[in-house]
Amino acid sequence: MNDKLIIIKQKALEEHIPIIMDDTLEIIANYLKEIKPIRILEIGTAVGYSAICFSKYLAENGIIDTIERDEEKIIEAKKNIKEMNLEDVIHIYEGDAVEILPTINEKYDMVFIDAAKGKYPFFLKEALRLLNKGGIIFADNILYKGYVMSDYNKHKQRTAVRNLREYIKEVTENENLETEILEVGDGLAISKYK
Ligand code: SAH
Ligand code: MG
């Protein structure tokens with residue numbers, strides 16, 4: 001890993017920013033090597049760490065659109081993207097993904113869902129509209145510390161858990177998708193659009 005990227009990662013970890021875990025990244029990277037995406041859509045930029053990591057696997061002239069609503073994170077992400085000389089590759093949509101997604105009319109080869117857990121079913125609906133055939137949707141944190149698969153329902157994250165379960169149900173039942181749920185990291189759903 002590049003020195004500058006190591007520093008970005010270290011700083012994010014120190015600030016408790018929930019960046020993609022190493023084992024999750026490794027799995028996604030293996031898929032990306034195969035599909036060589038031209039366009040990636042990411043929901044939840046934080047400080048740009050995952051987008052910077054994904055950029056390595058883009059096809060030539062490929063680009064990443066990524067959405068973030070937190071102003072301080074946007075500032076930090078822009079700084080990091082500039083530091084890595086990726087300003088022409090990674091484009092940030094600034095604002096709430098719930099409002100921004102319906103305004104996007106591009107097609108993507110990969111969508112990475114990594115934002116508000118309570119919105120995953122909505123993000124899925126939009127991801128399906130924006131995904132090319134043969135493309136893949138990854139949803140991070142899908143098992144949410146094990147809450148999603150347990151029957152303990154009394155914690156305060158009930159809405160998130162309900163929506164993550166709804167996401168899993170929808171991707172599993174959708175006949176156009178081939179889905180795997182992995183226990184890697186905080187849980188990763190991989191849905192291939194057949
Ligand atoms: N993908 C990043 C980590 C993202 S953390 C990485 O692995 O490096 C989740 C981010 O999603 C946070 O920065 C949070 O501000 C953002 N977020 C959550 N809900 C959002 C929404 N509805 N619209 C836009 N951004 C959102
Ligand atoms: Mg995550």
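This is a short chat about the two ligand sites in a predicted model.

Student: Which residues are closest to ligand 1?
Tutor: Ile-20, Gly-44, Glu-68, Ala-97 and Asp-114 are the closest, out of 20 residues that surround ligand 1.

Student: What about side chains at 2.9 Å or 3.3 Å from a ligand nitrogen, which ones are they?
Tutor: An N or O atom in the Ser-50 side chain is 2.9 Å from a nitrogen atom of ligand 1. For the Arg-69 side chain, the distance is 3.3 Å. Asp-114 also has a polar side-chain atom 2.8 Å from a nitrogen atom of the ligand.

Student: OK, how much of ligand 1 does the protein bury?
Tutor: Taken alone, ligand 1 exposes 590 Å², and the protein buries 92% of that.

Student: Switching to the magnesium ion, what are its protein donors?
Tutor: Asp-114 (OD), Asp-140 (OD) and Asn-141 (OD1), lying 2.1 to 2.2 Å from the ion. Along the chain, their spacing reads D-x25-D-N.

Student: Where do Asp-114 and Asn-141 sit?
Tutor: They're 27 residues apart, linking distant parts of the chain. Asp-114 is in the loop between strand S4 (108-113) and helix H6 (120-130), while Asn-141 is in the loop between strand S5 (131-140) and helix H7 (158-173).

Definitions and conventions
Residues numbered from 1 in each chain as written. Chains lettered and ligands numbered in written order. Predicted model: local features only at pLDDT ≥ 70, side-chain atom pairs only at ≥ 80, totals over all residues. Heavy atoms only, no water. Near = heavy atom within 4 Å. Polar contact = N/O pair within 3.5 Å; in protein donor to acceptor, adjacent residues only side chain to side chain. Areas by Shrake-Rupley, 256 points an atom, 1.4 Å probe, with all protein chains shown as cover. Donors = N, O, S within 2.8 Å, 3.2 Å for Na, K, Ca; no water. Helix = DSSP H or I, 4+ residues; strand = E, 2+ residues; numbered from the N terminus.
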